[in-house]
Amino acid sequence: MWPENWSAVQLFIRLDTQWRYSFNGREGLDHNVLFRHLDNMGLSPEEWGRWFDEIRIMELTALEAMTAT
């Protein structure tokens, strides 16, 4: 783990209970909750976008791992 990614990983871990489900299983994170966290962090628009991108990468990677057969 690179130190510059650790804060984003911690946020992703805090979102662990915020997965949306459908009949097929997990669909993705509840982005409304993610947006709330990012807004509360007081980030600049550029930082906000970077954090969102980092969380999305982890989200998509986790979904791939959970649906792999």
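Mentor: Terms first: helices (H or I, at least four residues) and strands (E, at least two) are DSSP runs, numbered from the N terminus. This is a predicted model, where local features need pLDDT of at least 70, side-chain atom pairs count only at pLDDT 80 or more, and totals for chains, interfaces and linings use all residues. Residues are numbered from 1 along each chain as its sequence is written, and side-chain values use heavy atoms, with hydrogens and water left out.

Trainee: Where is tryptophan 19 placed?
Mentor: Look for the element that holds it. Tryptophan 19 sits in strand β1.

Trainee: What pattern does the protein follow along the sequence?
Mentor: The protein has 3 helices and 2 strands. Read along the sequence, they give α-β-β-α-α.

Trainee: What box do the C-alpha atoms fill?
Mentor: Take the box along the principal axes. Its dimensions are roughly 40 × 25 × 20 Å.

Trainee: What share of the residues counts as buried?
Mentor: Buried means under 20% relative accessible area, exposed over 50%, and partly exposed in between (1.4 Å probe, protein chains only). The protein has 69 residues. The buried share is 28%.

Trainee: Which elements do the buried residues of α3 pack against?
Mentor: Those buried residues include Trp51, Phe52, Ile55 and Leu63. Contact means heavy atoms within 4.5 Å. The partners are α1 (6–14), β1 (19–22), β2 (25–29) and α2 (31–40).

Trainee: Which residues of the largest nonpolar core touch the most other members?
Mentor: A nonpolar core is a set of buried Ala, Val, Leu, Ile, Met, Phe, Trp, Tyr and Cys residues joined through side-chain atoms within 4.5 Å. The largest one has 15 residues. Touching the most other members are Leu11, Phe12, Leu34 and Ile55.

Trainee: Which helix gives the most to this core?
Mentor: α1, α2 and α3 each supply at least two residues of the core. With 6 residues, the top contributor is α3.

Trainee: Which residues does leucine 11 contact, leaving aside neighbours within four places in sequence?
Mentor: Leucine 11 is in helix α1. Leucine 11 counts as buried because its relative accessibility is 0%. Its contacts are Leu34, His37, Leu38, Met41, Trp51 and Ile55.

Trainee: How many Å apart in space are leucine 38 and tryptophan 51?
Mentor: Leucine 38 lies in helix α2, and its relative accessible area of 0% makes it buried. Leaving aside neighbours within four places, its contacts include Trp48 and Trp51. The pair is 13 residues apart in sequence, and C-alpha to C-alpha the gap is 7.7 Å.

Trainee: Why does tryptophan 19 count as buried?
Mentor: Among the residues it touches, not counting those up to four places away in sequence, are Phe12, Leu63 and Met66. Tryptophan 19 counts as buried because its relative accessibility is 10%.

Trainee: Is methionine 66 buried or partly exposed?
Mentor: Methionine 66 is in helix α3. Leaving aside neighbours within four places, methionine 66 contacts Trp19 and Arg26. At 39% relative accessibility, methionine 66 is partly exposed.

Trainee: Which residues does glutamate 54 contact, leaving aside neighbours within four places in sequence?
Mentor: Glutamate 54 lies in helix α3. Its relative accessible area is 18%, so glutamate 54 is buried. Its contacts are Asn5 and Ala8.

Trainee: How many Å apart are the mean positions of the positive and negative charges?
Mentor: Lys and Arg count as positive, Asp and Glu as negative; His and the chain ends are not counted. Each charge is placed at NZ of Lys, CZ of Arg, CG of Asp or CD of Glu. There are 6 positive and 11 negative charges. Their mean positions are separated by 6 Å.
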